[in-house]
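Dear colleague,

Please find below the structure that I am handing over to you.

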Amino acid sequence: MGRKTETEGAQSVSDCIDMCPRGKFIKGDNCENCPAGKASNEYDASECQSCSKGFKAPDPGTRICERMCEPGEYVFESDHCGDCKAGTFSDTYDAESCQDCPKGRVSSYDKRSCRVPDCDFDGDPFYSSDASETCTCGT
């Protein structure tokens, strides 16, 4: 915890008072943890800030909002994001896994949804997540 003086030119350590640490805010005469979903990276904060879209503060007392895994990604090793593979998708933040696309559909480019497959320029169909199954183009 940091310390500060209330008046300029203090001469003694006894003139120092405790500062409200980061991850907390001043409420009356006390310091309280920022609630989950909010954070404060400042000493003596008068309030905690809500995390921006795509970021989270999962625990009370958080100093800095953390990046969430976006749709098209999944969480692994509790705090890393991985891209969904071809034939799979995720449509929520912090998905625990990617879901398989339904039969006859393929992943969208951003892996946030599934779509009807297109044919490539040679007229050949793309394949679904089941490598043995050819999808019918445009249907």
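The notes below set out what was found in this structure.

This is a predicted model, in which local features need pLDDT of at least 70 and side-chain atom pairs count only at pLDDT 80 or more, while totals for chains, interfaces and linings use all residues. Residues are numbered from 1 along each chain as its sequence is written, and side-chain values use heavy atoms, with hydrogens and water left out.

Overall architecture. The protein chain has 0 helices and 14 strands; helices (H or I, at least four residues) and strands (E, at least two) are DSSP runs, numbered from the N terminus. Of the 139 residues in the protein chain, 26% are buried. Here buried means under 20% relative accessible area, exposed means over 50%, and partly exposed lies in between (1.4 Å probe, protein chains only).

Salt bridges. The whole structure contains 4 salt bridges, a salt bridge being a side-chain nitrogen of Lys or Arg within 4 Å of a carboxyl oxygen of Asp or Glu. One of them joins Lys56 and Asp94, at 2.8 Å from N to O. Lys56 lies in strand β7 (residues 55–56) and Asp94 in the loop between β11 (88–89) and β12 (99–100), so this pair ties together parts that are 38 residues apart in sequence. Lys56 is partly exposed at 24%, and Asp94 is partly exposed at 22%.

Another salt bridge links Glu70 to Arg112, with the closest N and O atoms 3.1 Å apart. Because Glu70 lies in the loop between β8 and β9 (73–76) and Arg112 in the loop between β13 (106–107) and β14 (114–115), the pair ties together parts that are 42 residues apart in sequence. Arg112 also forms a salt bridge with Asp110, where the closest N and O atoms are 3.9 Å apart. Through these shared partners, Glu70, Asp110 and Arg112 are joined into one network.

Aromatic pair. The count comes to 1 aromatic pair. Tyr74 and Phe76 form this pair, which is tilted, with 5.9 Å centre to centre and 40° between the planes. Rings of Phe, Tyr and Trp (its six-membered ring) pair if their centres lie within 6.5 Å; planes under 30 degrees apart count as stacked, over 60 as edge-to-face and the rest as tilted. Tyr74 is partly exposed, with a relative accessible area of 24%, and Phe76 is partly exposed at 31%.

Yours sincerely
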